[in-house]
Amino acid sequence: MKCFKSIMYTMALLAAFSCNKAQVGVSGQVSFDLNSRYDLVEVTKSSVSDYTTLPSKGDFTISILDASSASVYSGKLSAWDTSTQLPSGNYSVSASYGSLEDEGFDKPYFSGVANFAITGGNIATVSIPVSLGNTVVKVNCTDSFKNYFKDYTFKLVRGTATLATFAKDETKAAFVDGYKLTIQGTLTSETGTQTFEKEYTNLKEATAYTFEFDAPNVGGAKITVSFN
């Protein structure tokens, strides 16, 4: 009887080991898509595509982490092999394009994160929500301003760094980190050259701001700056 119990116990251990081994070996696959939010907040609704060329999905970099935050994959979305087998479990994936620290014209920064799970034998489809992470800034000058100031240049600066330079009649918008910036102007009229600067902080991400310059008085004695 004692021998019979030992045999049964050994068989139970073997069965448990076999079951656990099967669970560990279970794997699945995943494919990714981007749920892009390219709208901007502005006085009139606009899109990032109004200010720059949008990246293609394959240009995004993705990073996959497992439940222990160990790296599973990091590289271009276009290079991800959907036939890759991943062990069952929970994962997170982040997607990004550009960098918040890289500022200037045509330098949008997009990012987003999604969580997903792999279950044995299944193919997961994960949509990663990405949106603009930096601020859009543009400059507009009225006709009366242009008539009085024959030449002008505006700069966005932070500390000693110049983020973007708006030469005369520049129509492009700059993509910047809106936490802090200063706009500087050098204005030349028939009476000479004058300068000014003003600091702004906590500008919102995914928002387009316009600095509009006007010289409403005859002779341009007064300059007004409206800021949306």
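**The cores and the sheet**

Modeller: In the largest nonpolar core, which has 30 residues, those that touch the most other members are Val30, Phe32, Ile62, Val93, Phe116 and Ile128. A nonpolar core is a set of buried Ala, Val, Leu, Ile, Met, Phe, Trp, Tyr and Cys residues joined through side-chain atoms within 4.5 Å. Buried means under 20% relative accessible area, exposed over 50%, and partly exposed in between, with a 1.4 Å probe and protein chains only.

Colleague: Which elements give two or more residues to this core?

Modeller: They are strand E1 (27-37), strand E4 (61-66), strand E7 (89-97), strand E9 (110-118) and strand E10 (123-132). E10 gives the most, with five residues. Helices (H or I, at least four residues) and strands (E, at least two) are DSSP runs, numbered from the N terminus.

Colleague: What is Ile128 in contact with?

Modeller: Leaving aside neighbours within four places in sequence, Ile128 is in contact with Phe32, Asp33, Leu34, Asn35, Ile62, Val93, Ala95, Gly112, Val113 and Ala114. Contact means heavy atoms within 4.5 Å. Apart from this core lies another, of 22 residues, among them Val137, Phe145, Phe149 and Ala174.

Colleague: Before we continue, how confident is the prediction?

Modeller: This is a predicted model, in which local features need pLDDT of at least 70, side-chain atom pairs count only at pLDDT 80 or more, and totals for chains, interfaces and linings use all residues. Residues are numbered from 1 along each chain as its sequence is written, and side-chain values use heavy atoms, with hydrogens and water left out. The average pLDDT of the protein is 85, and 82% of the residues score at least 70. Over residues 1-24 the pLDDT is below 50, and this stretch has zero contacts in the model beyond near neighbours in sequence. pLDDT is the predictor's confidence in each residue, from 0 to 100.

Colleague: Back to the strands, then. In what order do the seven strands of the open sheet lie?

Modeller: The order is E5-E4-E7-E9-E10-E1-E6, and the pairing is mixed. E5 and strand E6 (86-87) are the edge strands, each pairing on one side only. Two strands pair if DSSP finds at least two bridges between them.

Colleague: Which pairs are parallel and which antiparallel?

Modeller: E1 and E10 pair in the parallel sense over nine bridges, and Gln29 has Ile123 in E10 as its bridge partner. E7 and E9 are antiparallel over nine bridges, with Tyr97 opposite Phe110 in E9. E9 and E10 are also paired in the antiparallel sense, over two bridges, and Ser111 stands opposite Ser131 in E10.

Colleague: How many residues lie between E9 and E10 in their hairpin?

Modeller: There are four residues between them, and Gly121 in the turn has a positive phi of about 80°.

Colleague: And which residues of E9 are on its covered face?

Modeller: The covered face of E9 holds Phe110, Gly112, Ala114, Phe116 and Ile118, while Ser111, Val113, Asn115 and Ala117 are on the uncovered one. In a regular strand the side chains alternate between the two faces of the sheet.

Colleague: Let us change topic to the loops. Is Asn134 buried or exposed?

Modeller: Asn134 counts as buried, because its relative accessibility is 1%. Asn134 is in the loop between E10 and E11. A polar atom of its side chain lies 3.1 Å from the backbone oxygen of Lys107, and one lies 3.4 Å from the backbone nitrogen of Tyr109. These are polar contacts: pairs of N or O atoms within 3.5 Å, where within protein one must be able to donate a hydrogen and the other to accept it, and residues adjacent in sequence count only if both atoms are side-chain atoms.

Colleague: What else does Asn134 touch?

Modeller: Not counting residues up to four places away in sequence, its contacts include Leu100, Pro108, Phe175, Val176 and Ala206.

Colleague: Where is Ala206?

Modeller: Ala206 is in the loop between strand E16 (192-201) and strand E17 (208-214). Ala206 has a positive phi of about 55° although it is not a glycine. Most residues other than glycine have a negative phi. At 17% relative accessibility, Ala206 counts as buried.
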